[in-house]
Amino acid sequence: MIPLPAAPRLAALRGVPHAIPYQGSKRVLAHAIVPLLPEGTADLIEPFAGSAAVSIAASHLGIPRRVRLRDVNGPLIALWRRILDEPDAIADDYAAVWEAQRPDPDAFYRRARDDFNAGHAPHLLLYLLARCVKASVRYNRHGEFNQAADRRRLGARPALMRARIRATSRALAGADVAAGDYRAPLTGAGPADVVYLDPPYQGVSASKDHRYMRGLHRDEFYAALRDAVGAGVSFLLSYDGSTGEKRYGPAVPPELDLLALAVPAGTSAQATLNGCPLPTVESLYVSPALRDRLGGTARVLERLSGGRPPVPPRDPAAAPERSVQYGG
């Protein structure tokens, strides 16, 4: 594991939009991930989409020709489809729900949670994410959303949420979004594609972690990584890390020959809430194929040290190009 200094903050990433509030979002780590996307990247594929922070940041800079978002969380993917296909309509639906909560926010939140679990309406999921404790998703053993409301706030105001949704929709124009497992997008990526994997740090066994709708079996995941390495797939992986002395999961097996980097990610929000602010370090793994595309380990480290200038923000007028279909 190669320890890195804090990645330089890319000035070009100031003002990157984010429509979906999500604990564990890679908004901070995007400053270290985006420089490792080669020029000429065709598809940027996120099989564990979540809030799609990396894809949004990369698209904001105009790096990939297309983004492909996948996630086993069907309701989350349905929310992404509405954000991309009808941003103003879902902003209207969110505004209506947000205003309706005012007489009794806590009781309304519980009803909205029940309604979402019954019908999986995307705008209700957006409201729950905006209002739940620490933007932290929790599911019960039946796969139902069960996180409580944060009683200190009502969630993003409708005007702010609308602005975020519109900007995110523009950034991801032309993205291919679908519900599904991570295996096919990972092992089927083309030679000009890059896959960014951000699976659960915990719950990576047959047991269920209540932050995720489905657990991830570690051995099966390692087998998929071996297949991807054998197929020459370019991928980046965030999979483990540490806060202070506490480690989140074991390191990836060395036989996979991944370049392992330790990236500072700031102070842990949870530790700060507990009154003991501690630094967080995220592990970032680079596949052999991507390492070679970037010119070797020394060039990877050079990119992360600010060895290349930030890519200027893309011209919004170029967005229609993103609807063209590329790559595997």
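Reader: Which side chain meets D88 in a salt bridge?

Author: The partner of D88 is R166, at 2.8 Å from N to O. A salt bridge here is a side-chain nitrogen of Lys or Arg within 4 Å of a carboxyl oxygen of Asp or Glu. Please note that this is a predicted model, in which local features need pLDDT of at least 70 and side-chain atom pairs count only at pLDDT 80 or more, while totals for chains, interfaces and linings use all residues. Residues are numbered from 1 along each chain as its sequence is written, and side-chain values use heavy atoms, with hydrogens and water left out.

Reader: Which helices hold D88 and R166?

Author: D88 belongs to helix α4 (residues 87-100) and R166 to helix α7 (residues 158-171), so the pair ties together parts 78 residues apart in sequence. Helices are DSSP runs of H or I with at least four residues, strands are runs of E with at least two, and both are numbered from the N terminus.

Reader: And how exposed is D88?

Author: D88 is partly exposed, with a relative accessible area of 33%. R166 is also classed as partly exposed, at 38%. Buried means under 20% relative accessible area, exposed means over 50%, and partly exposed lies in between (1.4 Å probe, protein chains only).

Reader: What does D92 pair with?

Author: D92 forms a salt bridge with R162, and their closest N and O atoms are 2.6 Å apart. D92 lies in α4 and R162 in α7, so this pair ties together parts 70 residues apart in sequence. D92 counts as partly exposed, at 41% relative accessibility.

Reader: How many salt bridges does the structure hold?

Author: The structure holds 19 salt bridges. One of them joins the side chains of D176 and R70, at 2.7 Å from N to O. That pair links distant parts of the chain, with D176 in strand β4 (residues 176-179) and R70 in strand β3 (residues 66-71), 106 residues apart.

Reader: Is R70 buried or exposed?

Author: R70 is buried, at 14% relative accessible area, whereas D176 is partly exposed at 25%.

Reader: Where is the place of D193?

Author: D193 sits in the loop between α8 (183-187) and β5 (194-197). It is buried, with a relative accessible area of 1%.

Reader: Which backbone nitrogens lie by a polar atom of its side chain?

Author: The backbone nitrogen of D43 lies 3.0 Å from a polar atom of the D193 side chain, and that of G190 lies 2.7 Å from a polar atom of the D193 side chain. A polar contact is a pair of N or O atoms within 3.5 Å; within protein, one must be able to donate a hydrogen and the other to accept it, and residues adjacent in sequence count only if both atoms are side-chain atoms.

Reader: Changing topic, how many aromatic pairs are there?

Author: A search of the whole structure finds nine aromatic pairs. Among them, Y109 and Y127 have ring centres 6.2 Å apart and planes at 50°, so the pair is tilted. Rings of Phe, Tyr and Trp (its six-membered ring) pair if their centres lie within 6.5 Å; planes under 30 degrees apart count as stacked, over 60 as edge-to-face and the rest as tilted.

Reader: Where do Y109 and Y127 lie?

Author: Y109 is in helix α5 (residues 105-119) and Y127 in helix α6 (residues 122-131), so the pair ties together parts 18 residues apart in sequence. Y109 is buried at 1% relative accessible area, and Y127 is buried at 0%.

Reader: What about Y222 and Y239?

Author: Y222 and Y239 form an edge-to-face pair, 6.2 Å centre to centre with 75° between the planes. Y222 lies in helix α9 (residues 218-230) and Y239 in strand β6 (residues 235-243), so parts 17 residues apart in sequence are tied together. Ring pairs link F48, Y182, F221, Y222 and Y239 into a cluster.

Reader: One last point: what is the phi of A52?

Author: A52 has a positive phi of about 55°, although it is not a glycine. A52 is found in the loop between β2 (43-46) and α2 (53-60), and it counts as buried at 1% relative accessibility.
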